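Thanks for sending this one over. Here are my notes on its aromatic rings, point by point.

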Amino acid sequence: MDILGKIVMLLAGCGVFMLGFKLLSTHMEKLAGNGLKSFFNKISNNKILGLFIGMLTTVVIQSSSVTTVMVVGFVNSGIMSLIQATAVIIGANIGTTITAYIAALNSGAGVVADILNYSFLACLFVGVFLEMFAKSDKKKSVGLILAGLGAVFLGLETMSDSMSFMRDVPAINNFIAGLSNPFLLLIIGLVFTAIVQSSSAVTSIIVVIAASVEGAFGGSGNAVYFLILGSNIGTCVTAMLSSVGASTNARRASMIHLLFNTFGAIIFTILLLSWKGFSATIIESWITDKVWQIALFHTIFNCTCAIIFLPLSKYLVKLATILVPDKKVEEEKSPSELVFMDKRLLSSPNIAVGMLKKDVFRMADMSMDCLNVAFNGFVKRDIEIVPVIELKNEQIAKLGRNITDALVGVSSNHNMLDLEKQINDLHTNVGDIVRVAELAENLAKYTKREIDQEIYFSDDVIEKLREMCGLLNKQYELVKAIVLDGQPDSITKVDEYEDMIDNMRRVLVSDHIERLSQGKCRPENNAIFINLVSNLERIGDHLSFIVRG
């Protein structure tokens, strides 16, 4: 029963550890969301910059799998090239090595190690206290991060304590100590990581076992490192699964991740097999503690692979392109589908909202295009634009529904008040943009009526209408720059454009009434003209609403 109890405690410790990692990763990602978004916005073809972005992102959110899945999402959306993705993926593999040091720190002995461990465990209480009583979402997230950190150490401590029975049961101790076959250990690391879907978690567990079981994995020597090599291959499963059903380039990005980790594992497998004294010469001569040796090897492995493969990025891309060929018939995305937003980004709410904002303004571009096509059709008396505008309007309405569904999905993945404000603004923006498209469709209906009723307008009136439509386009470009590029100082200029459009409507209506009274204009023109300028003025109102949320 004592052994059974220890096994249950081991499993419980593993569960607490995984829960702590989930809390830590999720809420670090939320708290650092805007920083991560600005990080990814800076991605260029500079490989070193991409590597550091991938590394720092993974250090912050404590999960190379999450970083890689985000990269697959960006590639699927077409906003990141495969070369850029390769650099970020390589950086993510370096960033994930920090976890092994956290686990090694927990296993240390001495007064300093005890103080650090107790301090981290105290974070669990402080974090839960903050989450329960703090009022701001940011403080609640900080509390959950602290709670996650404390849970990680509590899980590691529980696992370490519960593994004491392994030392007392010779059969188990001898079994773990006897696990020294390189290929078996590599497969164990691969399979276990593929199941858990976290190389960080597996590496931490390996560290705990090495600290708890004397002579684990063949004692000294290279054997334990094969578990690390296997876990690095196994962690690719998450990205591979996330790329199912994605674009060809997204699947290539996950393939690059697999190629990088597999080639690195092959190189180090050959090195460790041919150089039996690798650990003694390179690592054990510097560090005597087994757990710190494992952490150091993890870093050496990923840094060495980065040095080898970063200059060869283009060849990894070429190989991935060969292994994942283009489809015979690439299906083009419908205009009503999301282009920038990808479901893989739902776990990163701040980034997802940034991508949805781009899709919202792609929808706005479609609505303004609808307006310009409808207006030009009215001026040219082109009846053929009517079905074109109707089709465009259907596509815009459907895109609006898709964006709304995605916004709801993002809302369910966070609890931050400031982010919810942005999501609510985007919901409102979608409604305004749909209304712009509907008002543009009205212009197509007026075109049909002016042709059916043989109604004509003078060149002078048409010119003034063109000027009014031109102001709407200028107003929209300014609105777009304010929201997407962050130019809040230009809001007053948007108001000026709206006032100019409102004033033009008043002048045009006044001049029209005067022409009617002088008999210079047919009464039949009245309904179409008044409605036309009123619709244009209302479009200006909706554009102004967009910038104000």
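1. A word on terms: helices (H or I, at least four residues) and strands (E, at least two) are DSSP runs, numbered from the N terminus. Phe297 and Phe301 both sit in helix α17, four residues apart, or about one turn of the helix.

2. Please keep in mind that this is a predicted model, where local features need pLDDT of at least 70, side-chain atom pairs count only at pLDDT 80 or more, and totals for chains, interfaces and linings use all residues. Residues are numbered from 1 along each chain as its sequence is written, and side-chain values use heavy atoms, with hydrogens and water left out.

3. Searching the whole structure gives 13 aromatic pairs. Rings of Phe, Tyr and Trp (its six-membered ring) pair if their centres lie within 6.5 Å; planes under 30 degrees apart count as stacked, over 60 as edge-to-face and the rest as tilted.

4. The Phe268 and Phe297 rings have centres 5.8 Å apart and planes at 80°, so this pair is edge-to-face. It links distant parts of the chain, with Phe268 in helix α15 (residues 248-274) and Phe297 in helix α17 (residues 290-309), 29 residues apart.

5. Phe297 also forms a stacked pair with Phe301, at 6.4 Å centre to centre and 20° between the planes. Both Phe297 and Phe301 are buried (under 20% relative accessible area, with exposed over 50% and partly exposed in between; 1.4 Å probe, protein chains only). Phe268 is buried too.

6. Ring pairs join Tyr225, Phe268, Trp275, Phe278, Phe297 and Phe301 into a cluster.
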